[in-house]
Amino acid sequence: MGILSVHGIDVSMGVHAILHGVTLEVAEQAVVSVIGSNGVGKTTLMRAISGIYRCADGTITFRGAPIAN
C-alpha cells in the first residue's frame, strides 16, 4: 500500500462526469507526474485529492487515513 491511495473516484460538475473510476497508488518517496491533453481531468483529479472537489464515489486515503470529502 502506498502513502497516497486513490481508488475508483468519480467527480462530476453538474450533469458532466469529469472523472469516472480513477485509481492510482503513490509509493512513499515516489515522484509522480499526471500528464494528458487539455480537458481530460488532471486538475480535477488534483482538486479532488486536495478536497476542493467532492467525490461522488470512491476513496482517497493518505497514510491509511481517509481524506476524501
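Residues are numbered from 1 along each chain as its sequence is written. In this predicted model local features need pLDDT of at least 70 and side-chain atom pairs count only at pLDDT 80 or more, while totals for chains, interfaces and linings use all residues.

Me: What pattern does the protein follow along the sequence?
Reply: Helices (H or I, at least four residues) and strands (E, at least two) are DSSP runs, numbered from the N terminus. Read along the sequence, they give β-β-α-β-β.

Me: What radius of gyration does the protein have?
Reply: The radius of gyration is taken over C-alpha atoms, and the globule rule is 2.2 Å times the number of residues to the power 0.38. For 69 residues, a compact globule would be near 11 Å, which agrees with the protein's value of 12 Å.

Me: Which side chains meet in a salt bridge?
Reply: Side chains of opposite charge can pair when their charged atoms come close. A salt bridge needs a side-chain nitrogen of Lys or Arg within 4 Å of a carboxyl oxygen of Asp or Glu. The structure holds one such bridge. At 3.8 Å, N to O, the partners are Glu28 and Arg63.

Me: How many residues apart are Glu28 and Arg63?
Reply: Glu28 sits in the loop between β2 and α1, and Arg63 in the loop between β3 (57-62) and β4 (65-66). The pair therefore links distant parts of the chain, by the DSSP runs that define these elements. Their separation is 35 residues.

Me: Which elements give two or more residues to the lining of the largest pocket?
Reply: A pocket is an open set of points on a 1 Å grid over the protein atoms alone, where a 1.4 Å probe fits, with protein on both sides within 12 Å along at least five of seven lines; lining residues have an atom within 4 Å of a point. The lining includes Leu4, Val26, Val32 and Met46. The elements are β2 (16-26) and α1 (42-50).

Key: Heavy atoms only, no water.
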